[in-house]
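Me: I'd like to learn how to read a structure like this one, feature by feature. Could you walk me through it?

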Amino acid sequence: MKGVILAGGTGTRLHPLTRITNKHLLPLYDRPMVTYAVEALVAAGLTELMLVTGGTHAGEFFRLLGNGHDYGIDRLLYAYQEEAGGIADALGLAERFVDRDKVCVMLADNVFEDSLEPIAANFASQAKGARVVLTEVDEDEHLRHLGVAALEGSRVTGIVEKPESPPSRFAVTGVYFYDDQVWDMLPTLTPSARGELEITDVNNWYVDRGEMEADVVTGFWGDAGESIDAYYEVNDFVRRMRG
Ligand code: G1P
């Protein structure tokens, strides 16, 4: 299984911090944000990774991660997203790297307390389809800023992006697993109201085929790019864990 780390976007929710750097290079306690995603995927057993970024600070990722060997990566490739076209658009740049293998995609602003290793193992033994990672979130206001799963028992029956009325308390985190059907699906996407190719549309394509599985994490989860308050909440968590 290959790993793809998505570290592009304009980071408007963290302006003006992100006018002078890429969001995923901002510090989380004592290290740049992207290193947490790198570590999470390496700890999950993935050693062939591609990092997709864009904008004016792409060179800083080379300076930070180099060939990846210091982080336990065997092979680290980079791709450059010419325009911020959304998560699903960024993923498309990894097609030749993944080369019909299974793929784990991680948004570089996500931080997990739990290991992703058992979830990656679940997907490795899944015959086909896709897999998402869910987490329970208490506040409706928080759920309105995320993708939220509609559930029947433990089965995902749909995912609603930024819902006005959340269909459950289970948010979709920024870790996704796909089989090779994803590469045929991506070119059929059309931009959402925010002008982006949405990962939620990819996920719902699998849901509609009955090929979407889900795991739930119970430890801390945060999207440090969601808002300045979320950024500090994730900082506080990391500081408690590492400080
Ligand atoms: C993206 C996804 C959303 C998911 C979130 C997790 O949101 O679209 O479904 O819940 O990541 O970090 P975005 O950060 O692009 O608003």
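**Reading the model**

Reply: Let's start with G222, which lies in strand β13 (residues 221-223). Strands (E, at least two residues) and helices (H or I, at least four) are DSSP runs, numbered from the N terminus. Before going on, note that this is a predicted model: local features need pLDDT of at least 70, side-chain atom pairs count only at pLDDT 80 or more, and totals for chains, interfaces and linings use all residues. Residues are numbered from 1 along each chain as its sequence is written, and side-chain values use heavy atoms, with hydrogens and water left out.

Me: Is G222 buried or exposed, and why?

Reply: Buried means under 20% relative accessible area, exposed means over 50%, and partly exposed is in between (1.4 Å probe, protein chains only). G222 has 6% relative accessibility, so G222 counts as buried.

Me: Which residues is G222 in contact with, leaving aside its neighbours within four places in sequence?

Reply: Contact means heavy atoms within 4.5 Å. By that rule G222 is in contact with D109, N110, V111 and V234.

Me: How do I read burial for a whole helix? Which residues of α8 are buried?

Reply: Go through the helix residue by residue. In α8, the buried ones are I199, T200, V202, N203, N204, Y206 and V207. That's seven of the ten residues of helix α8 (residues 199-208), so the helix is largely enclosed by the rest of the structure.

Me: What do the buried residues of α8 pack against?

Reply: Their partners are α3 (87-92), β8 (130-136), β10 (155-161), β11 (170-178), α7 (182-185) and β12 (212-217). After α8 comes G210, with a positive phi near 70 degrees.

Me: And which residues of α1 are buried?

Reply: V34, T35, Y36, A37, V38, A40 and L41 are the buried ones in α1. Helix α1 (residues 34-43) is largely enclosed by the rest of the structure, because seven of its ten residues are buried. α1 is followed by G45, whose phi is positive, near 100 degrees.

Me: On to charges. How many salt bridges does a search of the whole structure find?

Reply: A salt bridge is a side-chain nitrogen of Lys or Arg within 4 Å of a carboxyl oxygen of Asp or Glu. The search of the whole structure finds 18 salt bridges. One of them joins the side chains of K23 and D109 (3.0 Å, N to O). That pair links distant parts of the chain, with K23 in the loop between β1 and β2 and D109 in the loop between β6 (103-107) and β7 (110-112), 86 residues apart. Both K23 and D109 are buried.

Me: What about R63 and E60: where do they lie?

Reply: Both are in helix α2 (residues 58-65), three residues apart, about one turn of the helix. R63 is exposed, with a relative accessible area of 68%, whereas E60 counts as partly exposed at 32% relative accessibility.
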